[in-house]
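These are my notes from a first look through a structure. I wrote them in the order in which I looked things up.

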2 protein chains.
Amino acid sequence: MSGRAKPEKPLIRALRGERLDRPPFWFMRQAGRYLPEYRAVRADAGGFLDLCMNPEKAAEVTLQPIRRYGMDAAILFADILLIPHALGQPLDYREGEGPVLEPIRDAAGLSRLDASAASSGLAPVMETVARVAAALPDETALIGFAGAPWTVATYMVEGGGSPDHRNTKRWAYGDPDGFTRLIEVVVDATVDYLAAQVAAGAEALQLFDTWAGSLAAPEFDRWVTAPTRAIVAGLRARGIDVPLIGFPRGAGLRLAEYRDGTGVDALGLDFAVPTTAAREKLGDATCLQGNLDPQLLVVGGDAMLDRARAIRETLNTGPCVFNLGHGIVPETPPEHVAALSALLRGD
Amino acid sequence: MSGRAKPEKPLIRALRGERLDRPPFWFMRQAGRYLPEYRAVRADAGGFLDLCMNPEKAAEVTLQPIRRYGMDAAILFADILLIPHALGQPLDYREGEGPVLEPIRDAAGLSRLDASAASSGLAPVMETVARVAAALPDETALIGFAGAPWTVATYMVEGGGSPDHRNTKRWAYGDPDGFTRLIEVVVDATVDYLAAQVAAGAEALQLFDTWAGSLAAPEFDRWVTAPTRAIVAGLRARGIDVPLIGFPRGAGLRLAEYRDGTGVDALGLDFAVPTTAAREKLGDATCLQGNLDPQLLVVGGDAMLDRARAIRETLNTGPCVFNLGHGIVPETPPEHVAALSALLRGD
C-alpha cells in the first residue's frame with residue numbers, strides 16, 4: 001500500500017507499539033454537543049440519525065474538534081447502532097431518552113434482520129470517511145469504529161439503553177446457542193462495515209464494548225472476547241492491517257485475557273483502571289490508551305491538568321495514546337478541552 | 001461477651017477466616033419483592049420507608065427467606081438511605097422511580113444536616129435487629145449493614161440514583177476539602193449506627209459500596225478506601241469485634257488495595273470478578289463472598305446450578321461465603337431460589 005511509504009502519523013506509530021516522547025491524543029466523543037458549532041450543525045440536520053447519514057454534515061462535525069484543538073486523530077462521527085439499523089431493525093433517537101429500537105429477543109426477531117441490506121444502508125458512512133480523510137491535516141489520523149457485538153446486542157435485545165441488560169443476559173445465559181446466532185450476525189456485519197471504513201480511508205479502528213463489564217466472568221470470554229477475536233480475525237483475513245483498539249469498559253481484572261484472547265493491538269482503559277497497575281499487569285509492550293475521567297474535564301483547572309500529567313507519565317513507560325476514560329459529556333466547557341489539549345500538544 | 005463461649009455459627013466462622021467443607025450462604029436482597037409473602041407485608045405497611053421503620057413488619061420480612069430457604073444468615077431489612085434520612089435530609093421512595101432526596105451540593109446544604117438527631121431517628125432499626133436476633137434459629141447469623149460513605153454520598157448529592165454521579169464527582173474532584181466534610185458526617189453517623197446494630201444483636205456487618213466502581217483510581221483511595229478504613233477503625237476503637245464484610249462493587253483491579261487499606265475481614269465480590277483470578281490475587285487466607293449473577297437466578301436450571309457449583313469450588317480453596325454478585329431482582333422465581341438453596345445446603 002502506497003500509504004505505508006510515507007512517514008506514519010504519530011497515532012498510528014503509537015498504536016503499532018512505538019513509544020513517543022509526546023504521546024498522541026484524542027478524546028472519545030470529541031465531536032459532540034459540548035461544542036456550539038456542533039449544536040449549530042445538529043439543529044440544522046434533522047434528527048441524530050439524519051446527521052449520521054448525511055456525509056457532508058457528519059464530516060463537518062468530525063472535523064470541528066480538530067480545527068479547534070489539533071488532536072492527533074479524528075474519529076468518524078457515527079453511532080454504534082447504525083449496524084442494527086442497516087440490518088433492518090427499526091431505530092429512533094428520542095431527545096433526552098436515547099435510542100429506541102424494536103427489541104429482538106428470539107429467533108423470530110432474528111429472522112427479520114436482513115444481512116444483505118447492511119452494506120448499501122451504510123454507504124453514506126463511507127462517504128463521510130472519504131470526505132474526512134481528504135480534509136484532514138497530514139499528521140492527523142482518522143479512526144473508524146464500531147460497537148463490539150456484546151454491546152450492540154444489548155441495545156438490540158433491550159430495545160435501548162438499560163441499567164442491567166436483563167433481557168440480553170437472560171437470552172445469553174438461558175439459550176446461548178440462540179444468542180450466538182444474533183452475535184454472529186453482528187460480527188459478520190461489523191467485519192464488512194469496518195473493512196469498508198478502511199477502504200474509504202480509516203487508518204485505525206476502535207471497537208467500543210461499553211457494556212463488557214456487565215457480564216460475569218465466563219460469559220465475558222464468550223460474548224466479549226470471542227466475538228472481538230472473530231472480528232479481528234475477519235479483518236486480518238481480508239488483508240486489513242490497520243491497528244485495532246479494543247475498549248472493553250469495565251473489564252477490570254480481565255484486561256490481560258481480553259488482550260491475549262482478542263489480538264487487538266491497543267487497549268482502551270476506562271477511568272476506573274489504575275494506570276500504574278495496568279502497566280504492571282500488561283507490560284510495556286502494549287499500547288495503552290486512556291483514561292482521564294470526563295468529569296475532570298468538566299471541573300477543569302489544576303485538578304484536571306495534574307491528573308492528566310500523572311496519567312500520561314504512568315502510561316508513557318510504553319507506547320500510549322492519551323484519551324479520556326469515557327466520552328466527553330455535554331456540559332463540558334470547551335475552554336477546558338482547550339487547556340487540556342494545549343498541555344497534551346506540549347504548547 | 002457470653003456469646004463467644006457458645007460454638008460459633010458457620011457464617012461467623014467463615015468470615016473469621018475458617019474454611020468450611022460446606023460454605024455458608026445467604027443472598028443479597030434475599031428479603032424482597034420476589035417473595036409473595038414480602039409483597040403482602042409491603043402492601044400493608046404503607047410506603048417503603050414506613051416498612052423500614054416498622055420493627056414488627058421489618059423483622060417479619062427479614063425472617064421470611066430464612067423460613068423458606070434456610071440460609072446461614074439473615075440480613076437486616078433496612079435501606080442504605082436511612083442514615084441521610086435520620087440526619088434530616090428529606091427522603092421519599094417513589095414507585096418505579098426509586099429514592100428521591102433533596103440534594104445536598106455545598107456547605108449550605110451540609111449545614112442543614114443534624115448529626116445529633118440520627119441516633120433517635122434510627123432507634124426503630126435497632127428494635128428490628130433485636131426482634132430478628134431473638135427469633136432466628138440457633139445456627140443462623142444476623143448480618144447488619146450500612147451503605148459505605150461514597151455510595152451514600154452519591155445519593156445525598158444527586159438526590160437519588162444516577163448513571164454517572166456527575167454532581168458528586170464534580171464536588172469531590174473540584175472541592176475535595178468541602179466534600180470531605182460530607183463524607184465525615186456520614187462516617188461518624190455510620191459508626192454510631194453499626195455499633196448500635198451490634199449492641200442490638202447483629203453478629204456481622206456488611207458495608208455496601210455499590211458505586212465504588214464509578215471513581216477513578218486516586219479518588220477510589222480517598223473516597224472508598226479511606227472512609228471505610230475510618231469506619232472499621234471507629235468500630236474497633238469501641239471494642240466491636242464482629243466480622244466486617246466490605247462490598248466494593250466494581251473495584252476490579254483495586255480489590256487487594258481495598259482489603260489491605262480498609263482492614264475488612266471479608267470481601268464481597270461482584271459478579272464481574274473472576275473467582276479464580278480473585279483467589280490467586282487475594283490468597284487463600286481472606287474470606288471471599290460471592291458472586292453468582294442474579295440474572296442466572298432468574299434463568300434457573302442447570303445454567304444456574306452449574307455456575308453455582310463452579311463458583312463455590314473456586315472460592316472454597318479458602319474461607320468463603322456463597323452469595324450473589326448483586327441483589328436478587330424482583331422477577332426471580334422463588335422456586336429457583338429454592339433449588340439453589342437446596343444445592344448450597346447440601347440436601
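**Conventions.** I am working with a predicted model, in which local features need pLDDT of at least 70, side-chain atom pairs count only at pLDDT 80 or more, and totals for chains, interfaces and linings use all residues. Residues are numbered from 1 along each chain as its sequence is written, while chains are lettered from A and ligands numbered from 1 in the order in which they are written.

**The two chains.** I superposed chain A on chain B and got an RMSD of 0.0 Å, with a turn of 180° and a shift of 0.0 Å along the axis (least squares on the C-alpha atoms of residues with pLDDT of at least 70 in both). That is the relation of a two-fold axis.

**The contact.** I looked up what each chain gives to the contact: 24 residues from chain A and 24 residues from chain B (two residues are in contact if their C-beta atoms, placed from the backbone, lie within 7 Å). On the side of chain A that touches chain B, α10(A) gives the most, with five residues (helices are DSSP runs of H or I, at least four residues, and strands runs of E, at least two, numbered from the N terminus). Of the interface residues of chain A, 100% are also interface residues in chain B, so the copies meet through the same surface.

**The sheet.** In chain B I followed an open sheet of seven strands in the order β1-β4-β5-β6-β7-β8-β9, with parallel pairing (strands pair if DSSP finds at least two bridges between them). β1 (73–75) and β9 (320–324) of chain B stand at the edges with a single partner strand each, so one side of each has no neighbour in the sheet. Inside the sheet, five bridges join β5 to β6 of chain B, and B:Leu207 has B:Gly246 as its bridge partner in β6(B).

**The core.** The largest nonpolar core has 237 residues, and B:Ile143 is among those with the most contacts inside it (a core is a set of buried Ala, Val, Leu, Ile, Met, Phe, Trp, Tyr and Cys residues joined through C-beta atoms within 7 Å). B:Ile143 touches, among others, B:Ala73 and B:Ile75.

**Backbone details.** I found a cis peptide bond from A:Gly290 to A:Asn291, with omega near -20°; A:Asn291 is in strand β8 of chain A. Is A:His165 buried or exposed? With 22 C-beta neighbours inside 10 Å, A:His165 counts as buried (buried is 20 or more other C-beta atoms within 10 Å, exposed 12 or fewer, partly exposed in between, with C-beta atoms placed from the backbone). Phi of A:His165 is near 50°, a positive value in a residue other than glycine.

How values were computed. Lists of a residue's contacts leave out its neighbours within four places in sequence.
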